[in-house]
Amino acid sequence: MVANEEKQQGHRAGVYKQKNKGHKHGKHRTKGEIERENKGRVSVTTLTKKQRKEQRRMDRRHKASQLRRNKKDMVLAEKRRLGSRDGPPHLVAVLSLHAAVDAGVVTKLLRGEGAGGVVHQERCITGVSDSFGLILPRFKQRLTFLSQSTADLHSLLDVAKIADSLVFVLDSTEGWDSYGDYCLSCLFAQGLPSHALVCQGMSDLPVKKRVESRRALSKITEIRFPDSRLFPVDSEQDATLLLRHLSTQRQRKLGFRSRRSHLLGQHVTFTPNSPAEGTGGGGDTGLGTLRVSGYVRGRPLRVDRLVHITGHGDFHLGQIDAPSDPLPVNITSRAGKPGKGGEVDMMDAGEDEAPVRVLMTADVSCRESLQTEADVDPMDGEQTWPTETELLEAEEARKHKRVMKVPKGTSDYQATWIVDDENDEVDEESSDDDDDEDDMMDEAMDGGDDEEIDSQDPGSCGSEDEEEEEEEEVCSTERAGADQRYDEHMDEAAEEEGLKRYREARANEMFPDEVDTPLDAAAKTRFQRYRGLKSFRSSPWDPMENLPLNYSRIFQFQSYERTRHRILAETAAEEEGAMVGWYVTLHITDVPLSVMDSVQSGKPLVVVSLLPHEQKMSVMHVLVRRHPSNMEPIKSKEELIFHCGFRRFRASPIFSQHTSADKHKMERFLRADAPAVVSIYAPITFCPAGVLLFKQRTDGDIQDLVATGSLLSCDPQRVVLKRIVLSGHPFKINRRSAVVRYMFFNRDDIMWFKPVELRTKWGRRGHIKEALGTHGHMKCVFDNQLRSQDTVMMNLYKRVFPRWTYDPYVPSSSPWEKREGAVDMDDLDMD
């Protein structure tokens, strides 16, 4: 019987088979040999790796050339769209920078027929009397001019945020005055769009002095505008050259407005809500629907986004209509010549013929919410009744746990450096909001009595003759009257407050963060919220520890930068909504009547569409630098006025150092020699955005520019630490050990702060070894011998947070005036 034997399958090596290095015989394998050896197998690394096609040098050059051409075409298309039929009219604001010049003369010359334009619409902006729409058939352009007064600084900044070009009217001899220079400082800090410089009065000068005067004016203007051209506008021919320059000049792109859709209200109406539409169900609510007509600029406008009216708040959109264009332009070959009535042939129908079309209506279920603060659940921290197992575990843990008495609000790892003492008592009446008390106690270097000014007679009118004695009496009488008139305009309380602030700032500059230990209270009670750090750079500090109650009201991103990049990329790719250049009417719902009153008083109405999350409150950080024109000390937690992007609000910030570490030292005053980070509670705004900080004077409505900068980030976990320094004097020195006094005044305080490291002004480091007696003397050991003139110091830290004083309503500002008789800090005598 023959058994059937199955044929065994031969093993075939895979790609992971070990291949020993072959002998280097100097020959190369051919492609055929390689294919026969591989037998169709492909390397695993080749399968998983993305195929990259190598381009030749000529192909790379062609690709780079195409990218450059596309970018150039994009810039040219954007430039040509402005002022054309497909884009919004070129918005030009005429500003006067000197009290002796009149901006209305320039607008009158631009409105004239000799300038080559045709005025199609007089007073095209509601509330602004000196505004008109101009069509230039020669350049196929349409422009909107408005003459904005510089007396109202808020309106000036609002117009500069949306204007495509600014025309600065200068004096032919001085250029600009002090107030004009102040306005330029604000405009440069906010972001200056395209501009042109115009001077008046050149034609009134003799012919021989015109060149010299123009050269002198150019030297003045090149400080602020190094590359700008100066246009004398004294005739309609000069106005034509200015119009040509405005139509063809390069537009400067501002980041904070190019990423958001915005418009200037040209026609505004208000319709009050009916009693049924009110929140209370009846009665006059004071709210209504605001209809704002204007040209969309920046980005396409979506109806489901929130809109912000500068200076008034955030609101919902009801619908967007498309009325007829009030400033049409015909770009055909034969059109563009003025007709008999001074009109330009238009391709669009008239306002009465074309009906108003509804472009889009808001969907209540899809539009964003007006919620600015997070919902706080008071029962969020409640716990259920513990089970028997949990009670037993807690009892066992209590038996083995070391119980320590610590101040109220102290965390577990914060208490690790506190010495356990059975005789220590904790003050239970400490308040959670004691920052104001700390600030008052820390002011140890305030000056005492006010300086006395001795009035002395200069003796310029003294003589032995009777006539000279009479003249002396007349001089003294006139001088006394002048002094009395001068004192009538002085606020003594404001002078005393200013002197006190100067002395505080000077003391903080000479002795940074140093405070005196109180004699009538225990230091461990007074400084119970402070802790010592082994190293300010590397010691840990939990950013989620002991957060204030206001942190439950704010919103926080997991990653602010990632969210910002995503939202800006989505906004740049959006092609839905009212497109740029369309003339639309926005129906803004539930708007207070005060908005319409502001428009009727002559203030411009600026509407901007908010990006997602920009209505929510959080902790914003702004990087600023002290403005050189302001010399007064600005204290932390002092109320300031912020102009952040399109927003305007009031808040009380805290200042901190700008470093890359995870902890940042708080600054008590805004320094003039270094940039600082300003932290506030404010609505979220995605950078870039320029920021201006103003301070309102105590003796009036004038607001001074104190700092300028840009938006940094939105990070509630940024740790800002307030430092205090306790100083002592070495009483007895014995090599590396020394007896120190005047830092504490009782034994309990020494034992409480014993674990904290000591340092000296000369760089020595040490620690407290033991207490000597009961009056605050202590024995300390250092890493090297002390000098008798050295000072022993102890650093203590506490985390601080800004105050919740956000107020979106900012009062109007009076025209700025330069302070007279400013006091220099170096001339003050410290007590």
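**How each label is reached**

Reader: Why does Asp704 count as buried?
Author: Asp704 has a relative accessibility of 9%. Buried means under 20% relative accessible area, exposed means over 50%, and partly exposed is in between (1.4 Å probe, protein chains only). So Asp704 counts as buried. Two notes on the basis. This is a predicted model: local features need pLDDT of at least 70, side-chain atom pairs count only at pLDDT 80 or more, and totals for chains, interfaces and linings use all residues. Residues are numbered from 1 along each chain as its sequence is written, and side-chain values use heavy atoms, with hydrogens and water left out.

Reader: What makes the pair Asp704 and Arg697 a salt bridge?
Author: The N to O distance is 2.8 Å. The rule asks for a side-chain nitrogen of Lys or Arg within 4 Å of a carboxyl oxygen of Asp or Glu. The pair therefore qualifies. Arg697 is also buried, at 10%. By this rule the count comes to 31 salt bridges.

Reader: Which parts of the chain does the pair Glu373 and Arg553 link?
Author: These side chains meet in a salt bridge of 3.0 Å, N to O. Glu373 sits in the loop between strand 13 (357-361) and helix 10 (388-400), and Arg553 in the loop between helix 14 and helix 15, 180 residues apart. Glu373 is partly exposed at 29%. Arg553 is partly exposed too, at 23%.

Reader: Is Ile554 buried or exposed?
Author: Ile554 has 10% relative accessibility, so Ile554 counts as buried. Ile554 lies in the loop between helix 14 and helix 15. Beyond residues up to four places away in sequence, Ile554 touches several others, among them Met617, Tyr681 and Trp804. Contact means heavy atoms within 4.5 Å.

Reader: What makes Asn546 and Tyr742 worth a note?
Author: Most residues other than glycine have a negative phi. Asn546 has a positive phi of about 50°, and phi of Tyr742 is near 75°. Asn546 lies in the loop between helix 14 (523-526) and helix 15 (560-573). Tyr742 is in the loop between strand 26 (737-741) and helix 17 (747-752). Asn546 is partly exposed at 43%, and Tyr742 is partly exposed at 47%.

Reader: Which residues does a cis peptide bond join?
Author: Cys687 and Pro688, with omega of about 10°. Most peptide bonds are trans. Pro688 lies in the loop between strand 22 (676-683) and strand 23 (690-696).

Reader: How many helices and strands does the protein have?
Author: The secondary structure comes to 17 helices and 30 strands. Of the 831 residues, 43% count as buried.

Conventions:
Helix = DSSP H or I, 4+ residues; strand = E, 2+ residues; numbered from the N terminus.
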